[in-house]
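Welcome! Take a moment to look over the structure below, and then we can walk through it together.

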Amino acid sequence: MRPHWQHFPHGADIGVRGIGPTLAAAFEQAALAMTAVVTDPAGVVPREAVDVQCEAPDNEMLLVDWLNALVLEMAARHMLFARFEVNLEGHRLHGTAWGETVDPARHQPAVEIKGATYTELRVREDESDRWLAQCVVDV
Amino acid sequence: MDLARFSQVSEVEWRVEPVGGMRVPAVIFADAGLIREMDDKVLEQLTNVATLPGIVEAAYAMPDAHWGYGFPIGGVAAFDADEGGVVSAGGVGFDISCGVRTLHTGLTAAEVEPRKQRLADHLFAHVPAGVGSTGQLRLNANEMDAMLRGGARWAVERGYGSAADLERIEEHGCMSGAEPGEVSEHAKRRQRDEIGTLGSGNHYLELQEIAEIYDSQAADRLRLRVGEVVVSIHCGSRGLGHQIGTEFLRQMVVAAPGFGIELPDRELACAPIKSPLGQAYLGAMRAAINCALANRQVITHLAREVFADVFPGTHLGLIYDVSHNTCKLEPHTVDGRTRQLYVHRKGATRAFGPRHPTLPADLRDVGQPVLIGGSMGTASYILVGTEAGRTRAFSSACHGAGRAMSRHQATRQWRGRALVDELASQGVLIRSPSLRGVAEEAPGAYKDVSAVVDAADRAGLARKVAKLKPLVCIKG
């Protein structure tokens, strides 16, 4: 299957969902869905790489940690990310995000993300070769 | 929500008695129409809050309540530390001390009208707003800690405002008990250049005309006159508060089983107030409150600079500054006994009644101003705390309209450019770095703020004083 991402509605905020043939691919797609909350990912040039690492007791918390690590890097570096690579060893994640500095005129960023939450948090293998990773992000 | 799930106490008070693990009842203040529109999740979350250890009296929801994280937005709950009470990061939320302040301009709408465009452009250029925007201040480690300890007082000491401002801010502009040492380097890194920035989402700086007065006596005391223009600023503790919320929520999720706390929902993560983690969170959260107070103070200074340029000689005096997402230690009388309680207000405003000792001397007989932000294009309100409010939801009131529609739905229903043009034709100028952001924040995506405020007034939570209508809105 081809990896892809979706948004799902929440009363005040927005849900991000990544779907892929592996857990790592689903995590990568969830991150892309998060970028799409802010801007169109197609308009972000992946010119600079940022590495993040995290570790959690289970896959669900690992997803929240991964997304929150990206929220921190986006906020502190004033960057947007368009491409992601995730490597998993158990519940330890090593990821790389490629992106560029926010350009308000070009990116027209709609909203900043305060944090990834445990709401509607699900990480599971739906069927063979179809992983899903989702949660609501607070904007 | 189905009204049949409640027992109706009055036209604007609805109650669910404890069942299952609930230690106290769940109470919602709203009229039947507002309750019907509320998501089922509001009651589910409120009954979850009612299960937390040490909760006192009831878990309350304000008329603007909607589905939040753990606690509903518009949720109020108080905990007694001596009875195993907890502090919950989810009960405060990610945007710690997000709040509103409103300032006089001393100008009438007629005086502002010819220079409205210029004011809008100048404010938009001068007050950093939107994703990735940075302020003029760069805080080194020492200044960061001084800001986190000092709040608005820190800002005033550095020339951003006057001592008179501090009298009109909750906690006199400085939350005591802040512990900058409990704030992570990540949180500080996120805040380094964000002081004096509006942020995005529902945050704004708005010029508003006083359209209607409901209580002339209170309005006189607050110097509110029909036709005059005020400035309202809605924002919070920016990245620092968000990061503290994120980090402590995670720590509390992991630590809960060790405290013997069974969480019905991970977002309700909490720690006993008397535990080291509970104390660490309170220290960090209070530092974030100070960050929000400093932020609104610096933005006030920027707005004053713009007004001094466009209308030389004007003075923007602070009417009041209130915070929405906090946990504060306050004395409250419950069943005839005064107890020190940790009151969580998440998307709710403190609304102390007349003669409360913490009120500024010149407002003490009026009650605490309660500033209710509308959504871009709709009314905002000023209320005051009431005598009756002392016994209702620990002196709390609503905080805004509350969303009625998801962002996703809003962007399908509205286009940013069309909205900006439509509002301009109604005399409301919108300036925003993002047209999609404008569409997501469309006034129609929010509940009817007038219905929310009326319900708060009828429930005796706070009393309506004035209605404000927007003239210019700088959106983050």
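## A pocket and an interface

In this predicted model, the largest pocket holds about 280 Å³ of space. Which residues lie closest to its centre? Of the 13 residues in the lining, these are Asp65(A), Ala69(A), Leu72(A), His186(B) and Gln243(B). The elements that give two or more residues to this lining are β3 (48-55) and α2 (59-77) of chain A, along with α10 of chain B. With 5 residues, α2(A) gives the most.

Now let us turn to the interface of the two chains. Here 40 residues of chain B are in contact with 44 residues of chain A. Between them, chain B and chain A bury about 3,600 Å², and 54% of that is on carbon and sulfur atoms.

The interface of chain B and chain A also has 5 salt bridges. One of the pairs is Arg250(B) with Asp65(A), whose closest N and O atoms are 2.6 Å apart. Asp65(A) is also among the residues closest to the centre of the largest pocket. Residue pairs in polar contact between chain B and chain A number 17.

Which helices of chain B supply at least two residues each to the side that touches chain A? They are α8 (185-191), α10 (238-255) and α14 (435-440). The largest share, 8 residues, comes from α10(B).

Here is how the residues divide by class:

Definitions and conventions. Residues numbered from 1 in each chain as written. Chains lettered and ligands numbered in written order. Predicted model: local features only at pLDDT ≥ 70, side-chain atom pairs only at ≥ 80, totals over all residues. Heavy atoms only, no water. Contact = heavy atoms within 4.5 Å. Buried area = accessible area lost by both parts, 1.4 Å probe. Salt bridge = Lys/Arg side-chain N within 4 Å of Asp/Glu carboxyl O. Polar contact = N/O pair within 3.5 Å; in protein donor to acceptor, adjacent residues only side chain to side chain. Helix = DSSP H or I, 4+ residues; strand = E, 2+ residues; numbered from the N terminus. 1 Å grid on protein atoms, 1.4 Å probe; cavity = no way out; pocket = protein on both sides within 12 Å on 5 of 7 lines; lining within 4 Å. Points joined across faces, edges and corners; volume = space filled by probe spheres on them.
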